[in-house]
Amino acid sequence: MTRTVGIIGLGLLGASLAKALRAYTTYDVIGYARRQEICDVALAEGCVSQAFTMVEPIITGADIVVFALPPETNGRLFEEVAHLFRPGQVVTDVSSAKDEFASTVYAHIPEGVHFVSIHPMAGSEKGGYAEAHQDLFQKMGWIVLEDEAQSAYDATVARELADMGRAVGSRIEYVEMEHHDKYLAMVSHMPHMLASIMITTAGGDELGDKRMSLSAGGLRDSTRTASGLPSMWQEIIYGNRMNVLKAIEHVEQELATVKQLLHANDNGDSLGQYLERAKQIRDRLPSLTIDKQ
């Protein structure tokens with residue numbers, strides 16, 4: 001019997017997930033968008049089989065409900081609609097930061113409803129329905145959050161959501177819920193802050209236009225994420241701010257180390273060793289391969 005996935009939020013991630021599930025799985029997909037014009041386009045393009053500007057039909061009509069709005073918005077909405085869920089349903093989300101939403105879910109989820117969070121490690125500096133596509137998740141990481149101490153967690157659901165990620169072409173990673181936001185602060189949220197700092201430093205004063213005209217791929221590539229939607233990143237980063245602050249402290253320590261290397265009178269040998277170590281670490285990043293297991 002076909003299971004139905006209801007996606008609350010047809011932005012880049014939500015609509016891309018809907019398109020991927022429709023293209024590569026047998027799930028039926030229904031969706032919520034705040035604006036009727038997005039619902040109309042999603043229906044016309046076959047992104048979803050049904051589209052609504054109200055959340056209630058998604059919850060009543062889906063076996064798996066995916067919260068695909070920003071984390072704080074997801075939390076407020078879940079608190080409002082938690083009473084509508086029935087035993088056996090699955091709640092999940094695709095947020096980049098988990099602690100606040102998970103705390104809200106655990107406080108309000110009805111007995112018998114399952115919650116397993118996922119984090120597809122895919123995206124773009126551009127957002128919105130118009131940027132969504134069915135292959136966004138191909139060869140990208142797909143994190144399944146484990147939280148066995150919570151009664152709402154269910155290992156069978158976790159396996160289904162992992163299989164969902166494999167079906168849309170992703171590489172599966174399992175991470176304990178308590179560690180997720182600490183890890184993401186270092187590899188996602190703090191890099192966005194650094195990108196914003198770098199581009200502001202390069203182009204934010206009276207000499208900025210001239211510097212920017214001289215820039216090449218290095219500045220463009222390393223600051224790509226600074227073009228992301230500011231309101232969305234504000235919510236993500238501020239919601240995980242304590243972990244981001246700790247990550248920034250680590251960066252400050254590395255900057256102090258680099259300053260010492262530049263002051264060293266050794267013809268740059270120590271700096272060269274540092275750069276070689278950085279290259280070796282960078283070369284260990286996961287290759288873009290798909291987990292077939």
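Trp-142 stands opposite Ile-172 of strand S9 in this predicted model. The two strands concerned, S8 (residues 141–146) and S9 (residues 171–176), pair in the parallel sense over six bridges. Together with helix H6 (residues 155–167), S8 and S9 make a right-handed β-α-β unit.

**The three-stranded sheet**

- The sheet is open, has three strands in the order S7-S8-S9, and shows mixed pairing.
- Strand S7 (118–121) and S9 stand at the edges with a single partner strand each, so one side of each is left without a neighbour in the sheet.
- From one strand to the next, the twist averages 25 degrees.
- S7 and S8 pair in the antiparallel sense over four bridges, whereas S8 and S9 pair in the parallel sense.
- Trp-142, in S8, is the bridge partner of Pro-120, and Trp-142 also stands opposite Ile-172 in S9.
- Helix H7 packs on the sheet and touches S7, S8 and S9. The direction of H7 makes about 110 degrees with that of S9.
- In general terms, strands of a sheet pair through backbone hydrogen bonds, either parallel or antiparallel.

**Helix H10 and its cover**

- Within helix H10 (residues 230–239), the residues Trp-233, Glu-235, Ile-236 and Ile-237 are buried.
- The cover over the buried residues of H10 includes helix H4 (71–81), helix H7 (177–203) and helix H11 (241–263).

**Thr-4 in strand S1**

- Thr-4 lies in strand S1, which spans residues 4–8.
- Thr-4 counts as buried because its relative accessibility is 12%, under the 20% cut-off.
- Leaving aside residues up to four places away in sequence, Thr-4 touches Asp-28, Ile-30, Gly-61, Ala-62, Asp-63 and Ile-64.
- Thr-4 and Leu-261 are separated by 257 residues in sequence and by 57 Å in space, C-alpha to C-alpha.

**Cysteines**

- The structure holds zero disulfides.
- Cys-39 is in no disulfide, and the nearest cysteine sulfur, that of Cys-47, is 10 Å away.
- For Cys-47, the closest cysteine sulfur is likewise that of Cys-39, and the 10 Å between them is too far for a bond. A disulfide requires sulfur atoms within 2.5 Å.
- Cys-39 is buried, with a relative accessible area of 0%.
- Cys-47 is also buried, with a relative accessible area of 1%.

Definitions and conventions: Residues are numbered from 1 along each chain as its sequence is written. This is a predicted model: local features need pLDDT of at least 70, side-chain atom pairs count only at pLDDT 80 or more; totals for chains, interfaces and linings use all residues. Side-chain values use heavy atoms; hydrogens and water are left out. Two strands pair if DSSP finds at least two bridges between them. A crossover is right-handed if, with the strands pointing away from the viewer, the path from the first strand over the helix to the second runs clockwise. Buried means under 20% relative accessible area, exposed over 50%, partly exposed in between (1.4 Å probe, protein chains only). Contact means heavy atoms within 4.5 Å. Axes are lines fitted to C-alpha atoms, for helices over the stretch in contact, and angles run from 0 to 180 degrees between N-to-C directions.
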